[in-house]
Amino acid sequence: MKKKEDTMNNKILIFDTTLRDGEQSPGSSMNMQEKLKVAQQLKRLNVDIIEAGFPIASVGDFEAVKEVASMVKGITIAGLARTNREDVERAYEALKPADKPRIHVFVATSDIHLKAKLKKTREEVLQMTAESVARAKGFVDDVEFSAEDATRSDKDYLVEVFQTAIDAGATTINIPDTVGYTTPDEFAELIRYVRTNIKAPDSVIISVHCHNDLGLGVANSLAALKEGARQIECTINGIGERAGNAALEEIVMALKTRKNFFQCYSDVVTEQIYPSSRLLSQITGISVQPNKAVVGGNAFAHEAGIHQDGVLKEKLTYEIMTPQSIGLPSNMLVLGKHSGRHAFRERVKSLGYELTDEQIDNAFVVFKQIADKKKEVYDEDIEAIVADRVLHWEEKYKLESVNIASGTDMLPSATVKITMDANVVTESGSGDGPVDAVYKTITSITKTKSRLMRYQVNAITGGTDAQGEVSVRIEEDSHTVSGTGSDTDIIVASAKAYINALNKLEQKKVNKIKGF
Ligand code: KIV
Ligand code: ZN
């Protein structure tokens with residue numbers, strides 16, 4: 001049997017539950033089309049099992065599992081079921097179109113769950129386990145059984161439940177840390193205990209499913225490997241109930257980066273990790289924290305001057321894996337106040353500017369001043385420094401004034417005055433809101449055709465008299481620039497940010513003509 005050979009070989013099966021456990025987390029719900037998109041991406045990522053949903057939970061869940069089972073071929077598709085007849089039958093109905101269907105049956109095994117939630121005795125739960133696994137086995141060969149809250153269950157009872165499931169036909173037994181309670185050593189010990197006390201442990205796959213309440217989801221999952229666990233259940237970006245599930249990208253990259261230590265591998269196409277993470281964030285609208293391991297915006301960004309210098313000389317100094325290995329095109333050096341001259345010069349060069357040593361020195365002084373005020377200095381800022389201080393470029397648009405009228409009972413309108421190449425132009429216009437009215441009027445005056453990609457407003461300090469800082473990102477003819485503006489009036493700050501971005505765009509166009 002293929003699966004057995006794989007696991008003897010120390011291959012770790014990656015069971016992705018983004019569409020089931022992940023989707024259960026607040027704000028992560030997806031419609032059928034979105035689930036299908038994620039499932040297709042998971043296929044590209046080459047996970048071994050996709051848990052597509054919990055078919056009995058709702059008609060939408062049922063249809064989504066069925067759709068994924070019909071459309072995503074050549075891969076195991078799992079559907080979750082409690083131990084009752086309807087759940088198992090519904091799961092089978094949804095999974096019927098799958099090439100390789102798996103019914104995943106679960107029941108809680110801790111006394112606290114038995115008493116407070118299920119109101120069942122241990123004997124009753126054993127019976128429910130035997131019946132439901134046997135029923136599932138009547139439908140499909142591949143049956144997984146999970147003991148919910150395993151890490152807070154009595155160990156001997158847990159072994160008894162697992163043995164019952166195996167005897168009834170389960171081919172995978174899953175040991176979940178449902179509430180993210182265990183620790184790596186303790187969890188490894190539990191895996192060892194289960195493995196040494198079930199009969200013929202090599203005839204089944206031992207799986208782990210760890211939640212992240214104490215931030216140990218990934219560490220606990222990996223600790224289980226040395227005791228023979230050969231399937232890990234995880235989610236993209238670590239989404240899931242409460243603090244989430246173990247993050248797929250962290251597990252896979254730990255296995256790859258520390259292959260000699262773990263002596264195990266996965267078949268995941270790691271170059272698809274970043275695209276998978278981005279797709280999920282775009283679909284759910286839940287962005288990844290910047291310092292998130294592997295896929296966070298800063299995961300490959302080196303800010304300290306000494307680090308940047310090292311990375312530029314030899315990547316291995318501060319990079320244990322390459323950005324390319326997770327599908328990021330290159331490492332992103334975020335410049336900040338700790339950045340050194342070497343990193344600054346390299347960045348200027350990579351932006352296409354060939355400057356003399358003297359010009360670099362001048363620009364570096366300005367860069368340091370700006371970096372002191374601003375936490376991060378982006379490419380657009382560097383281009384502006386080079387253009388303003390070195391190439392002596394003049395701003396084309398200058399905002400003279402902006403006034404708006406808006407409220408609950410009127411169409412928002414704006415009057416904007418701009419100086420353009422020494423001509424003063426005033427125009428009025430309307431829009432969906434005051435910012436829209438201002439932006440439409442500015443676009444009309446400047447006759448630009450850029451697209452607004454991002455608009456963000458932040459308060460610089462606390463209180464209602466705080467300055468608002470607006471940042472925008474605009475795009476025109478594949479040039480993307482960002483602009484910022486601040487003012488105690490956020491409409492004025494918005495206008496400043498837009499004008500700032502238009503000036504940078506203009507500067508890009510001029511530089512292109514000049515061959516910079
Ligand atoms: O966390 C958990 O126990 C689960 C089971 C259904 C596997 O998600
Ligand atoms: Zn879970």
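R341 is partly exposed, because its relative accessibility is 40%; that label covers everything between buried (under 20% relative accessible area) and exposed (over 50%), worked out with a 1.4 Å probe and protein chains only. R341 sits in helix α15, and helices here are DSSP runs of H or I with at least four residues, strands are E runs of at least two, and both are numbered from the N terminus. R341 and D361 are 20 residues apart in sequence, with 8.3 Å between their C-alpha atoms.

A quick word on the ground rules. This is a predicted model, where local features need pLDDT of at least 70 and side-chain atom pairs count only at pLDDT 80 or more, while totals for chains, interfaces and linings use all residues. Residues are numbered from 1 along each chain as its sequence is written, chains are lettered from A and ligands numbered from 1 in the order in which they are written, and side-chain values use heavy atoms, with hydrogens and water left out.

**Around the ligand**

Which residues are around ligand 1? They are R20, D21, H104, F106, S146, E148, N174, P176, T178, H209 and H211, where being near takes a heavy atom within 4 Å. This shell splits into 2 nonpolar, 6 polar and 3 charged residues. In that sorting, Ala, Val, Leu, Ile, Met, Phe, Trp, Tyr, Cys and Pro are nonpolar, Asp, Glu, Lys and Arg are charged, and the others, Gly among them, are polar.

On its own, ligand 1 would expose 260 Å², and the protein buries 95% of that; the areas come from the Shrake-Rupley method with a 1.4 Å probe, and for residues only the protein chains shown count as cover. Two or more shell residues come from each of α2 (18-22), β4 (100-108), β5 (142-148) and β6 (172-177).

**Salt bridges**

Side chains of opposite charge can pair when their charged atoms come close. The cut-off used here is a side-chain nitrogen of Lys or Arg within 4 Å of a carboxyl oxygen of Asp or Glu, and by that rule the model has 32 salt bridges. Here are some of them:

| Pair | N to O distance |
|---|---|
| R82 and D87 | 2.9 Å |
| R102 and E144 | 2.7 Å |
| R345 and D357 | 3.3 Å |

Take R102 and E144, which pair at 2.7 Å. R102 is in strand β4 and E144 in strand β5, so this pair ties together parts 42 residues apart in sequence. Both R102 and E144 are buried.

R345 lies in α15 (residues 341-350) and D357 in α16 (residues 357-373), so the parts tied together are 12 residues apart in sequence. R345 is partly exposed, because its relative accessibility is 30%. Salt bridges with shared partners also join K11, D48 and D267 into one network.

How accessible are R82 and D87, buried or exposed or in between? R82 counts as partly exposed because it has 40% relative accessibility, while D87 is buried because it has 1%.

**Loops and backbone**

S325 is in the loop between α14 (305-313) and α15, and its side chain reaches the backbone oxygen of T322 at 2.6 Å. S325 counts as buried because its relative accessibility is 10%.

Most residues other than glycine have a negative phi. Q263, though, has a positive phi near 55°, and K447 has one of about 50°. Q263 is in the loop between α12 (259-262) and α13 (273-284), while K447 is in the loop between α18 (434-446) and β12. Q263 is exposed at 53%, and K447 is exposed at 69%.

**A nonpolar patch**

L452, Y455, V457 and I490 form a nonpolar surface patch with about 310 Å² of accessible area together. Strand β12 (residues 451-459) gives the most to this patch, with 3 residues. Y455 is located in strand β12. Patches take residues with over 30% relative accessible area and no salt bridge, joining like charges within 9 Å and nonpolar side chains (Val, Leu, Ile, Met, Phe, Trp, Tyr) within 5 Å.

Conventions
Polar contact = N/O pair within 3.5 Å; in protein donor to acceptor, adjacent residues only side chain to side chain.
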